[in-house]
Amino acid sequence: MATIIQLLIVLGIMVLVHEFGHFAVAKLCGIRVEVFSIGFGKRLFGFRRGDTEYQIAAVPLGGYVKMAGEMSFQTIETDEPRTTDPGDFNAHPRWQRILVALAGPIANFILALGLMTGVSMLHNEVQEFIDGPAHTDYITPNTPASRTGIGSGDTIVHYDSIENPTWDQVGIRSLLNLNQTVPFSFIRNGQRTDTKLFVENKGAPDDFSLDNLGLIPKMQTTPVQVDSLEPNMPAARAGLKPHDKILSIDGLQLHSVPALLSYLQNQAGKPAALLIQRTAPDGTTQTLPIQVTPELAETPGGPKEKDYRLGFVAVQPPVKVERLPLGKAMVASWEFNKKGSLLIVEVLKRLFTRQVSVKSLQSPIGIGQQIHQAAQMPGWMPLIGLMSYISLNLGIFNLLPIPILDGGMILFLLIETIMRRDVNQQIKERVYQVAFVCLLAFFAFVIFNDLTKLNLFTKLKP
């Protein structure tokens with residue numbers, strides 16, 4: 001229920017802003033707006049002010065602005081003369097109608113810029129390693145990464161088309177190249193190795209992580225520090241205490257919990273030798289060897305799967321908190337949204353060239369799950385960043401030259417401008433109807449794809 005409410009709130013904001021863009025420019029151009037609706041289908045409630053009916057409809061996954069005289073794909077035009085009402089949409093110059101169509105997507109872009117500007121000004125919290133050089137902490141044996149020859153402590157200097165990538169860019173380029181081979185280069189002791197990496201993914205695109213490739217980022221330069229201990233677990237029984245620092249495990253220096261967990265899974269429960277640094281109350285430090293045997297156990301609050309664990313909670317890796325002035329915040333927002341927009345355009349291009357699977361697309365079900373996860377994360381950045389990305393998606397998707405979308409309307413208006421006459425109305429309506437059916441089928445496929453990923457269905461599998 002929480003996921004559904006969060007989805008409705010976020011999508012409601014996106015749709016409201018998008019439709020208000022159409023509404024505002026239509027009003028400025030003197031076009032009469034008959035209905036401003038959040039949602040489709042049966043009207044639930046609303047009110048009338050002037051010529052416009054403002055309403056909330058039963059199906060909350062979208063919205064629309066109905067302008068006087070606007071063509072509807074639901075009704076075939078007759079041969080009756082067209083109206084000359086000056087308030088009608090079609091009575092206005094084509095350049096004004098193009099502005100009305102552009103206004104919705106532009107409103108979404110403005111929203112995305114505004115959201116990220118606000119976050120950058122108030123509290124933008126990001127883990128430091130995300131935007132830093134791609135230093136590795138641990139390479140899991142017998143994985144695609146290990147087969148390239150890269151090792152712990154090496155630095156990735158080329159990934160796909162990116163030179164000197166950050167870990168954020170490595171993750172993004174991996175998702176764009178699932179089950180494909182990409183150029184891959186790393187540096188060890190000043191010597192560069194150029195090779196290729198197969199971005200293997202045996203599960204659903206949503207389940208992919210860099211762990212699948214065997215790449216574990218170096219999240220900090222300092223050792224992992226114990227924050228608290230789980231009772232009756234190996235770490236507590238072995239004598240670890242809060243504030244202890246794990247200098248090494250079996251002689252290997254690791255700097256993050258994911259690296260430790262990956263190493264423990266690889267050792268399959270073998271006893272491990274820890275070297276611990278402990279600080280006494282008087283400030284003196286001592287180094288202690290501790291023997292510990294990992295135990296198969298579930299992670300509290302995590303998936304119901306058992307991994308080899310020691311049973312402690314670590315101090316979180318360092319984060320970078322920014323509070324930028326307005327000018328710098330706007331620049332940071334522009335860069336964030338430019339990167340997101342270019343990524344969305346590249347995904348669309350790769351969909352048409354079959355380099356990205358249609359199964360990687362998400363319906364409102366998948367979007368709702370992401371919103372719920374982002375809302376549970378600490379800080380505002382995960383949720384606001386996701387909202388900004390959704391707003392960009394909505395704006396760019398509506399600009400696609402597909403009939404019934406804003407981009408389709410713009411395409412027809414540009415064609416008519418070049419031809420200097422209107423496209424035959426019945427032909428245009430038929431095209432709209434076919435496009436509507438195709439979009440319905442496409443959305444049905446994406447929704448079904450998301451439904452099959454839910455636990456309800458995975459439990460039915462043998």
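Helices (H or I, at least four residues) and strands (E, at least two) are DSSP runs here, numbered from the N terminus. This is a predicted model: local features need pLDDT of at least 70, side-chain atom pairs count only at pLDDT 80 or more, and totals for chains, interfaces and linings use all residues. Residues are numbered from 1 along each chain as its sequence is written, and side-chain values use heavy atoms, with hydrogens and water left out.

**Annotated spans**

UniProt, in an unreviewed entry, places the feature "transmembrane region" at residues 98–119, 402–419 and 431–448. Its positions are given in the numbering used here, feature names are shortened, and annotations may be inferred rather than shown by experiment. Two of the spans are tabulated.

| Span | Distance between end C-alpha atoms | Helix | Strand |
|---|---|---|---|
| Residues 98–119 | 32 Å | 100% helix | 0% strand |
| Residues 402–419 | 19 Å | 78% helix | 0% strand |

**The chain**

The chain holds eleven helices and 17 strands. Buried residues (under 20% relative accessible area with a 1.4 Å probe, protein chains only; exposed is over 50%, partly exposed in between) make up 41% of its 462 residues. Contact means heavy atoms within 4.5 Å. Of the contacts between residues at least 6 apart in sequence, 64% join residues at least 24 apart.

**Helices α2 and α6**

Helix α2 (residues 94–122) packs on helix α6 (residues 326–352) at about 130 degrees, with the axes 8 Å apart. Axes are lines fitted to C-alpha atoms, for helices over the stretch in contact; angles run from 0 to 180 degrees between N-to-C directions. α2 and α6 are therefore oblique to each other. Angles under 35 degrees count as roughly parallel, over 145 as roughly antiparallel, 65 to 115 as roughly perpendicular and the rest as oblique. On the α2 side, the contacting residues include Ala112, Leu113 and Met116. Their partners in α6 include Leu326, Trp334 and Phe336.

**Strands**

Two strands pair if DSSP finds at least two bridges between them. Strand β3 (residues 124–127) pairs with strand β17 (residues 319–322) in the antiparallel sense over four bridges. Asn124 stands opposite Glu322 in β17. The covered face of β3 carries Asn124 and Val126; the uncovered one carries Glu125 and Gln127. In a regular strand the side chains alternate between the two faces of the sheet.

Another five strands form an open antiparallel sheet, in the order β13-β12-β11-β10-β16. Its edge strands are β13 (285–292) and β16 (312–314), each pairing on one side only. Neighbouring strands of this sheet are turned by 40 degrees against each other on average, direction ignored. Within it, two bridges join β10 (residues 224–229) to β11 (residues 245–249). Val224 stands opposite Ile246 in β11. Helix α5 (residues 257–267) lies across β10, β11 and β16, at about 35 degrees to β11.
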